[in-house]
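Biologist: I have the sequence and the coordinates open side by side. Could you take me through the structure one question at a time?

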Amino acid sequence: MPIHLVSLSAPTAPAQGPPGADSRSADAYGRAAAEEPATPRFAGLRLVHAAMRRDLARLPTALRLLQPGEDDKGEALLRHWNFMTAMLTCHHEQQDTRLWPIVRRFAPELRLLLNWLEDDHHNLDHSFTRVTTLVRIASRDAGSAWPVAYAMEDLAARLETHLRIEERQLLPRMERVITDGSRLGGLGELLDLLRLADGPGLPDALAWLLEGVEPDTVDRLLAECDDDVARNWPHWHATYQRCTSSLWGPGDGSGGGAGAGFGGLGVVAD
């Protein structure tokens, strides 16, 4: 069963406008959508990439700082690692079952690349499973934390190669294959998957994805979600911060986390 930090009421469908109406034409205050900066396309994919980079950069440090006798913190780090790997699995499922078949159909020249990415998803899942075993040991034995932290950093470098290939070679082509305004690869589609999956709870996942993202961007992303998500977001966000702040220490602040990465993922080829 999914584990939630806070209880989640049954989702409610967003109100639908007249047939043929563009739901993005104006906001609640009557302002045209063109007046607001657009959220990046495929926001669901980009947010997962940024959050994985953020946590794989700070988890090794948190593990190295683990002291003997800090069993509660060790268990918290293990829970966060398990949550992160579950999010990666859901991300791979979104790509392999929903996105790649469409890209294969309309961009057949990318089939070999997509086949490689799918195979690499399986390889990455196995690599994360192996490191999970090490993290479980380190969470109970601070003396083994340093070599496990190195294993995390090796895995982060391995994942970075995969993410850059997707962002440089695939996302630009997807922008031409998938029509503007489609939910494919977006945050809404990812949240729908999480509702159906026996994995991370939606409140935890959304707070994890949006950690460090600029408030204006958060508001635009939430505007694309249903009313129930937008209404509960402040509580989910505050609960997540309270539950995770002890992991990273007071100086973290996520200043180089998902916010910086999310905004620049469309031009990773720098």
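Biologist: Is F128 buried or exposed, and what is its relative accessible area?
Modeller: This is a predicted model, so the answer is a computed one. Buried residues are those under 20% relative accessible area. F128 falls under that cut-off and is therefore buried, with a relative accessible area of 3%.

Biologist: How many aromatic pairs does a search of the whole structure find, and how are the rings of W81 and F128 arranged?
Modeller: The search of the whole structure gives three aromatic pairs. For W81 and F128, the ring centres are 5.5 Å apart and the planes are at 25 degrees. Planes under 30 degrees apart count as stacked. The W81 and F128 pair is therefore stacked.

Biologist: Which helices hold W81 and F128, and how many residues apart in sequence are the parts that the pair ties together?
Modeller: W81 is buried, with a relative accessible area of 0%. W81 belongs to helix 2, while F128 belongs to helix 3, residues 111-140. The pair therefore ties together parts whose separation in sequence is 47 residues.

Biologist: How many helices and how many strands are in the chain?
Modeller: Read along the sequence, the pattern is α-α-α-α-α-α-α-α-α. The count for the chain is nine helices and zero strands.

Biologist: Of the contacts between residues at least 6 apart in sequence, what percentage join residues at least 24 apart?
Modeller: The chain has 270 residues, of which 45% count as buried. Among the contacts you ask about, the share joining residues at least 24 apart is 82%.

Biologist: What does helix 8 span from its first C-alpha to its last, and where does helix 8 bend?
Modeller: Helix 8 covers residues 227-248, which is 22 residues. Its span is 31 Å, close to the 32 Å expected at 1.5 Å a residue. There is a bend of about 50 degrees, and a proline, P234, follows within four residues of the bend. The bend is at W233.

Biologist: Which residue caps the N-terminal end of helix 8?
Modeller: The backbone nitrogen of D228 lies 3.0 Å from a side-chain oxygen of the capping residue. That residue is D226.

Biologist: Which backbone oxygen does the side chain of T239 reach, and at what distance?
Modeller: T239 is in helix 8. T239 is buried, with a relative accessible area of 4%. The side chain of T239 reaches the backbone oxygen of H235 at 2.8 Å.

Biologist: Which helices do the buried residues of helix 8 pack against?
Modeller: The buried residues of helix 8 include W233, W236, Y240 and W248. The partners of the buried residues are helix 1 (43-64), helix 2 (71-106), helix 5 (187-196), helix 6 (202-210) and helix 7 (215-223).

Biologist: Why is helix 5 described as largely enclosed by the rest of the structure?
Modeller: Among the buried residues of helix 5 are L187, G188, E189 and L190. The buried residues of helix 5 pack against helix 1, helix 2, helix 6 and helix 7. Helix 5 is largely enclosed because seven of its ten residues are buried.

Biologist: What separates the C-alpha atoms of K73 and L247?
Modeller: K73 is in helix 2 and is partly exposed, with a relative accessible area of 22%. Leaving aside neighbours within four places in sequence, K73 is in contact with A62, L66, S246 and L247. K73 and L247 are 174 residues apart along the chain, and their C-alpha atoms are separated by 6.9 Å.

Biologist: How many Å apart in space are D71 and R140, C-alpha to C-alpha?
Modeller: D71 is also placed in helix 2. D71 is partly exposed, with a relative accessible area of 47%. D71 and R140 are 69 residues apart in sequence, and their C-alpha to C-alpha distance is 6.4 Å.

Biologist: What is the phi of F42?
Modeller: F42 lies in the segment before helix 1 and is buried, with a relative accessible area of 4%. Most residues other than glycine have a negative phi. F42 is not a glycine, yet its phi is positive, at about 55 degrees.

Note on methods
Residues are numbered from 1 along each chain as its sequence is written. This is a predicted model: local features need pLDDT of at least 70, side-chain atom pairs count only at pLDDT 80 or more; totals for chains, interfaces and linings use all residues. Side-chain values use heavy atoms; hydrogens and water are left out. Helices (H or I, at least four residues) and strands (E, at least two) are DSSP runs, numbered from the N terminus. Buried means under 20% relative accessible area, exposed over 50%, partly exposed in between (1.4 Å probe, protein chains only). Contact means heavy atoms within 4.5 Å. The expected span of a helix is 1.5 Å times one less than its number of residues. The bend at a residue is the angle between axes fitted to the seven residues ending there and the seven starting there. A polar contact is a pair of N or O atoms within 3.5 Å; within protein, one must be able to donate a hydrogen and the other to accept it, and residues adjacent in sequence count only if both atoms are side-chain atoms. Rings of Phe, Tyr and Trp (its six-membered ring) pair if their centres lie within 6.5 Å; planes under 30 degrees apart count as stacked, over 60 as edge-to-face and the rest as tilted.
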